[in-house]
Each structure stands twice: as structure tokens, then as C-alpha cells.
Amino acid sequence: MPAGSDWELGQERPIDIGRLPATDRMLNLHPQFSSECLLDFSPDAVVPGESPGVSMPGRQRKKRPMKTSIRPNPLFRNHFRAGPRHRCWLGLALGLGLALYRSMLSIREFEEQIRFLFLEGKMPGTVHQYIGQEACAAGVCSALERDDVIASTHRPHGHAIARGLPLSSLMAELYGKSSGCCKGKGGSMHVGDLDKGMVPAVAIVGGALPLAAGLGLAFKLTGEKRVAAAFMGDGASNEGTFHESLNMSAIWDLPVLWVVENNLYGASTHVSKVMRVPHIADRACAYGIPGKTVDGNDVLAVHDAASE
């Protein structure tokens, strides 16, 4: 974190259910639909090598046009615009916080465009939006190494963007074009690119969890220092594949990170109606693996928990 920055961060609410010597970990993230921006950057930041507004008598400083250096794709009209003094933190990923912010902003901008296109009847098929959960994908994926692999859900757009899939290939996939990340054969709920570290998403609730366990087993058998991260919603924690995958990965001590994005509702059913424990991460102790609950709106807390 840069010294002297005036960031407004939420408070982490960790719940440690015990220190158990297992490779597997389970995170329970509570997105609860975050606000537009999690980090507050000062607008008075000065671009390196640029004078902070020094003027000369009798000479007016020439104004430069407003530009943006983070516009993800020409398809976007409502992109974020920034002036010259903001380029030092918008133009380049100068630190972890800036990279996380850029990732979250890209996810939000992409999903907003998808929402408008879908409501206008210009988007084929159906979509499941990731709006409000950007910090979960950005925080977890930023903690992974390049060779690590993630498994996603029926709501995969945010995971794909956070993992580094080009926005153009994602948009092409949603339109069924051959230039899409899955050659136009997957659509919204099956995006992925193994070269970028993401297996094509599985739309069946809990369907990707056995894949993550299998990836972890492959990494262990081949001796590769890689990790598989499996995303799931709170509804998937009541599926049979949840128990089978966690139990198998626990007894074999597989390098798998289980990430529960708890937005409190499985379809139209509140999470309190389908489980007695207050936190889904509390279930980890039944498998002999550590579990932790963090604030899914705090991207740095998510990143730190996934990095442990």
C-alpha cells in the first residue's frame, strides 16, 4: 500500500475456525452488492515529471484534452474519463491497489454494457450478471500465480475478466462468434480459456467443484507447484458435489482454494432458510480444513485471505 495514500477501506471480519494443517482452504465472501467505488484516490495526484499547476505571469497554461488510458474496449461508450493528473494511477498498474481497482472497474463497465444490450434485445441468449461482486473475483485472482487455474460458475464474466481474458474475446463469445474465447460454442455461462488459467465455466450449480478437485489432484501427482481455485455461490454449498469435492481434496491434501461468494440468496431463497450455521466457512471444520469469513466488499481483505 503506498505511503500517504488516503484510501477508504472496509473492516475485515475474520472468523478463524481453527488451525488445521491442510492445504485446502475455504473462503466465505459476503459481497452484498457493493457501492460504485471501494477505493478513494485523491484527485490532486501529480503525474511524475509534471509541474503541479505552476503558472507564469502573462502566460496561460495550455489545456490538454481529457483522455482515458483504461478504456477496455471500443465497444464501450460509457467509459470512465480521467484528466492528465489521474494518469499516474489510471494509466498503469503502479501497485496492487491500482491493479485491483482497474480489474473491478473493467468488470463493472463490461457488465453494465451487457445489461444495456440485453435489455435492448441486442444480446442473444441469457446472461447472469456479476455486478456487485467485483471485489471477490479481483481479490482472489490477484493472489493467484500465472500457472494457477480457476473454475467458475454460471456467473463467470467477472472471474474471466479478473483472470485476464481479453474483453473482446468475451464479447465475441457472448455473440456466438468464432473469435470468442470458446469459438462461439459456449456462450455467457461457459466462457473460459485454459491458456489464461481458466477452465470453461460450468452452468450447473456446483458442477465445477469436482473439476477443481481433479485439477488439484493432477497438480499433486505431477509435482507441479500450482493451485486450483473453485468459485461457487452459497447455493452450491448444499449440493452433493460440494461435500464430495471438499472431502476428497481434504483427505488427499490437494492444493485447492474453495471460494464461496455468498450473496445471501440462492435464486429466491435466503441462505438462512437452508442452513443453520451462521457462516458457510464454518462447515470447513467438518472436513478438517481451515475456513475463513471475510468481507466480500473489501478487495484487500479478500486478496489477503486468498494469499494466506
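**Entry 1: Terms and overview**

I began with a term: a helix is a DSSP run of H or I at least four residues long, and helices are numbered from the N terminus. I noted next that the model is predicted. I looked up the secondary structure and found 8 helices and 7 strands. The chain has 308 residues, of which 47% count as buried. I then examined contacts between residues at least 6 apart in sequence, and recorded that 71% of them join residues at least 24 apart. The chain exposes about 15600 Å², and carbon and sulfur atoms supply 55% of that area.

**Entry 2: Helix H5**

How many of the residues of H5 are buried? I found that 7 of the 8 residues in this helix, which covers 167-174, are buried. Among them are Leu167, Leu170, Met171 and Leu174; Glu173 is also on the list. I asked what covers these buried residues, and the cover includes helix H2 (96-119) and helix H4 (157-163). Just after H5, I noted Gly176, which takes a positive phi of about 70 degrees.

**Entry 3: Helices H2 and H3**

I recalled that two packed helices are described by the angle between their axes and the distance between the axes. For H2 and H3, I recorded an angle of about 135 degrees and axes 9 Å apart. H2 and H3 are therefore oblique to each other. The crossing of H2 past H3 is right-handed. On the H2 side, the contact is made by Leu100, Ser103, Met104, Ile107 and Arg108. H3 contributes Glu134, Ala135, Ala137, Ala138, Gly139 and Ser142.

**Entry 4: Salt bridges**

I recalled that side chains of opposite charge can pair when their charged atoms come close. My search of the whole structure gave 5 salt bridges, and I looked up several of them.

One is formed by the side chains of Arg108 and Glu134, at 2.6 Å from N to O. Arg108 belongs to H2 and Glu134 to H3 (residues 134-142), so the pair ties together parts that are 26 residues apart in sequence. Are Arg108 and Glu134 buried or exposed? I found both of them buried.

Another joins Arg115 and Glu112, at 2.8 Å from N to O. Both lie in H2, and because they are 3 residues apart, about one helical turn separates them. Arg115 is partly exposed, with a relative accessible area of 32%.

I also looked up Glu308, which forms a salt bridge with Lys292; the closest N and O atoms are 2.6 Å apart. Glu308 is in the segment after helix H8 (299-307) and Lys292 is in strand S7 (residues 291-295), so this pair ties together parts 16 residues apart in sequence. Glu308 is exposed, with a relative accessible area of 54%, whereas Lys292 is buried, at 15%.

**Entry 5: Positive phi in loops**

Lys183 has a phi of about 60 degrees although it is not a glycine. Where does Lys183 lie? I located Lys183 in the loop between H5 and helix H6 (209-222). Lys183 counts as exposed because its relative accessible area is 58% and the cut-off for exposed is over 50%.

Leu264 has a positive phi of about 80 degrees and is not a glycine either. I placed Leu264 in the loop between strand S4 (256-261) and strand S5 (265-266). At 22% relative accessibility, Leu264 counts as partly exposed, because under 20% is needed for buried.

How values were computed: Residues are numbered from 1 along each chain as its sequence is written. Side-chain values use heavy atoms; hydrogens and water are left out. Helices (H or I, at least four residues) and strands (E, at least two) are DSSP runs, numbered from the N terminus. Buried means under 20% relative accessible area, exposed over 50%, partly exposed in between (1.4 Å probe, protein chains only). Contact means heavy atoms within 4.5 Å. Accessible areas come from the Shrake-Rupley method with a 1.4 Å probe; for residues, only the protein chains shown count as cover. A salt bridge is a side-chain nitrogen of Lys or Arg within 4 Å of a carboxyl oxygen of Asp or Glu. Axes are lines fitted to C-alpha atoms, for helices over the stretch in contact, and angles run from 0 to 180 degrees between N-to-C directions. Angles under 35 degrees count as roughly parallel, over 145 as roughly antiparallel, 65 to 115 as roughly perpendicular and the rest as oblique. A crossing is left-handed if the near helix is turned anticlockwise from the far one by less than a right angle, and right-handed if clockwise.
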